[in-house]
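These are notes for a colleague who will be looking at the model alongside them.

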Amino acid sequence: MTEPEPQPARTEGAGVRVAVDVMGGDHGPAEVVLGALDHARAYPADQVILVGDETTIRGIAKDLPANVSIVHASQVVGMDEHPALALREKKDSSILVAVDQVKHGAADAVVTAGHTGAGMAAAVLRLGRLPGVDRPALAVQMLTAKGPMVLLDIGANPDSTAENLVQYARMGAIFAERVLGVAEPRVALLSIGEEKGKGDARIQRATELLDATDLHFEGNVEGKDLTTHMADVVVCDAVLGNVVIKFFEGLSTFIFDLWRAEFSGSLRGRLAYLLMRPGVARIRNVFDYEKVGGSPLLGVRGTVIITHGRARRRMVAYAVEVAAQTARTGVPALIAESLAAAKAAEATPAIPAPIAATAGPAPDAVPFENAR
């Protein structure tokens, strides 16, 4: 079966079609349907396709906007199911039907809050990898005081090679530039030290390879550097990336829980909160991970956004927006072009520079004025 070609960029501001798997997620269809409808109303040029049980969807949505349609799917992949086995047994699952909308050209992007493994497996099996991509990578936007930073891989490949890390860097740089609007994004490797010699053999080899690319490679960054935004794209394997992102989420929740306990524990605390409320709101806005929407699966033949399993209405709306912007700017096609160009450059033998002419005659030449 012929694999779909990566879709080119659409005209800036042009509408795109986003298929949303509404049956996945910890909170069920209600939050996902309402979040998708919020995007549809805010962006009437976009087409939103709600994929799932039609009776359930209509019970939640009531009157659908003109730019929203429903595609029925009778099955759901549960969060506790083995992804490969579930996809093989549930051919009419909402995630497969949603991804097939992209495969068959009925949609430009897909969003799911369901089983992460099933979402990645469905994308790879149904859409396939882009030419030159060994392994797709799951990226996430991490919020800092200077704006979002891209971290990848956070869940797709626990045993990445040095060559994989270089591909992640290219894909992350394109996403940062085209979706986040970062001009000439800076790329770094996450390691145990800032010096280029620090890290295991894989990191050291990836450093050599990245040094030879046209990317704006900054070298290594440590965990403490992630909050200071020393790079716009930080690359690591899935085990390290997943630990980092989960730690950040847990830490931010822990900090705000401490604040809540302090402010509510006494009259003095409640009075202090009244004075500090504007500052607390600004800090909370920085830590507001719902605004990042979801994680793009970079390296597949289409736009796939996997949002948080516990995403509620607001985060789902942001996820659909990220999917629309990723599809609108043609990120998959740009990744394919970048990897093809890099491969062509590697295959082209270096041409020796011409030998510069020396000033004056060669050692055995006769000066003109002395010639007879």
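1. H6 passes H7 in a right-handed crossing, where right-handed means that the near helix is turned clockwise from the far one, by less than a right angle, and left-handed that it is turned anticlockwise. Helix H6 covers residues 162-178 and helix H7 residues 201-211, and the two pack at an angle of about 50° with their axes 8 Å apart. Because of that angle, H6 counts as oblique to H7, in a scheme where under 35 degrees is roughly parallel, over 145 roughly antiparallel, 65 to 115 roughly perpendicular and the rest oblique. The axes are lines fitted to C-alpha atoms, for helices over the stretch in contact, and angles run from 0 to 180 degrees between N-to-C directions. Helices (H or I, at least four residues) and strands (E, at least two) are DSSP runs, numbered from the N terminus.

2. On the H6 side this contact is made by Ala162, Glu163, Leu165, Val166 and Ala169, and on the H7 side by Arg202, Ile203, Arg205, Ala206, Leu209 and Leu210, contact meaning heavy atoms within 4.5 Å. By class, the contact of H6 with H7 has eight nonpolar, no polar and three charged residues; Ala, Val, Leu, Ile, Met, Phe, Trp, Tyr, Cys and Pro count as nonpolar, Asp, Glu, Lys and Arg as charged, and the others, Gly among them, as polar.

3. On provenance, this is a predicted model in which local features need pLDDT of at least 70 and side-chain atom pairs count only at pLDDT 80 or more, while totals for chains, interfaces and linings use all residues. Residues are numbered from 1 along each chain as its sequence is written, and side-chain values use heavy atoms, with hydrogens and water left out.

4. For the protein as a whole, there are eleven helices and eleven strands, and buried residues make up 48% of the 372 residues; buried means under 20% relative accessible area, exposed over 50%, and partly exposed in between (1.4 Å probe, protein chains only). Among contacts between residues at least 6 apart in sequence, 70% join residues at least 24 apart. The accessible surface comes to about 18400 Å², of which 57% belongs to carbon and sulfur atoms, with areas from the Shrake-Rupley method and a 1.4 Å probe.

5. Leu189, in strand S7 (residues 186-190), counts as buried because its relative accessibility is 0%. Leaving out residues up to four places away in sequence, Leu189 touches residues including Leu165, Ile203, Ala206 and Leu210, which are also named in the contact of H6 with H7. The C-alpha atoms of Leu189 and Thr207, 18 residues apart along the chain, are separated by 7.8 Å.

6. Ser338, in helix H11 (residues 331-347), counts as buried because its relative accessibility is 18%. With neighbours within four places in sequence set aside, Ser338 is in contact with Arg170 and Ile174.

7. Which residues of H4 are buried? They are Ser94, Ile95, Leu96, Val97, Ala98, Val99, Asp100, Gln101, Val102 and Lys103, that is, ten of the ten residues of H4. Their cover includes strand S1 (17-21), strand S2 (47-52), strand S3 (68-72), helix H3 (83-89), strand S4 (109-112) and H5. Just after H4, Gly105 takes a positive phi of about 80°.

8. Helix H4 (residues 94-103) packs with helix H5 (residues 116-127) at an angle of about 35°, the axes being 9 Å apart, and the crossing of H4 and H5 is right-handed. By class, this contact has eight nonpolar, one polar and three charged residues.

9. Some backbone details deserve a look, given that most residues other than glycine have a negative phi, and most peptide bonds are trans. A cis peptide bond, with omega about 5°, joins Leu152 and Asp153, and Asp153 is found in the loop between strand S6 (147-152) and H6. Lys62, not a glycine, has a positive phi of about 60° and lies in the loop between helix H2 (54-61) and S3; Lys62 counts as exposed because its relative accessibility is 60%. His229, also a residue other than glycine, has a positive phi near 60° and is found in the loop between strand S8 (216-221) and strand S9 (233-235), but His229 is buried, with a relative accessible area of 5%.
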